[in-house]
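Open the model in your viewer and keep the selection tool at hand. The stops below follow one another.

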Amino acid sequence: MVFDLKQFLQTGRTPYETAFACDLSGWDWPGYAPCGPVKASFSAVPGENGAELQLNVSAGISAACARCLEPVRQDHSFFRRWQVREQDLFSEELELPISEKGALDLDELIFEELVLEVPPVLLCSPDCEGLCPVCGTPKAAGCSCCTAGQSAPADARLAILKELLSE
Ligand SMILES: [Zn+2]
Ligand SMILES: [Zn+2]
């Protein structure tokens, strides 16, 4: 979805508002992806000092836990606001995806803001214990080596190192 921001700044006299869902499933997400269409509402309000843009985004994302690889699902909802003047439309400081013709790419904007919003490391729970170093199953699942009272056989190389250090 594209919003003609340049034209709005030049001729917009009444607020513009839209709500939509966008399919961003094929985008280049860093390690996770939206579970379905991303819901958004966008508004532009003209004022004496350019226009105020507001964006609300609500998205469910799915990923694999960074420690145990179990599926993770999170919901993220956030709000952003920008003040834009016509003379700033093509300024480097205005960090909005605007085309040469002055159109604001809302899909791109939602993608960029969602990437900023979602934490870079996703865990199934804040205290996820990760995988058992012996058998590789999630520790939460309680494999036999982990439940056998922490008596997992130590790594042979570690044992040698310990011996060397204690000498
Ligand atoms: Zn986990
Ligand atoms: Zn194990």
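Select Cys 65 to begin: this residue is buried, with a relative accessible area of 0% (buried means under 20%, exposed over 50%, partly exposed in between, with a 1.4 Å probe and protein chains only). The model is predicted, so local features need pLDDT of at least 70 and side-chain atom pairs pLDDT 80 or more, while totals for chains, interfaces and linings use all residues; side-chain values use heavy atoms, without hydrogens and water. Residues are numbered from 1 along each chain as its sequence is written, chains are lettered from A and ligands numbered from 1 in the order in which they are written.

Next, select the zinc ion (ligand 1). Cys 65, Cys 68, Cys 124 and Cys 128 coordinate the zinc ion through their SG atoms at 2.3 Å (donors are N, O and S atoms within 2.8 Å of the metal, or 3.2 Å for Na, K and Ca; water is not among the atoms, so sites may look incomplete). Cys 124 is partly exposed, at 38% relative accessibility.

Now go to Trp 29 and Tyr 32. Both are buried. Their rings form a tilted pair, 5.9 Å centre to centre with 45 degrees between the planes (rings of Phe, Tyr and Trp, the last by its six-membered ring, pair if their centres lie within 6.5 Å; planes under 30 degrees apart are stacked, over 60 edge-to-face, the rest tilted).

Last, select Phe 3, Phe 8, Tyr 16 and Phe 42, which ring pairs link into a cluster.
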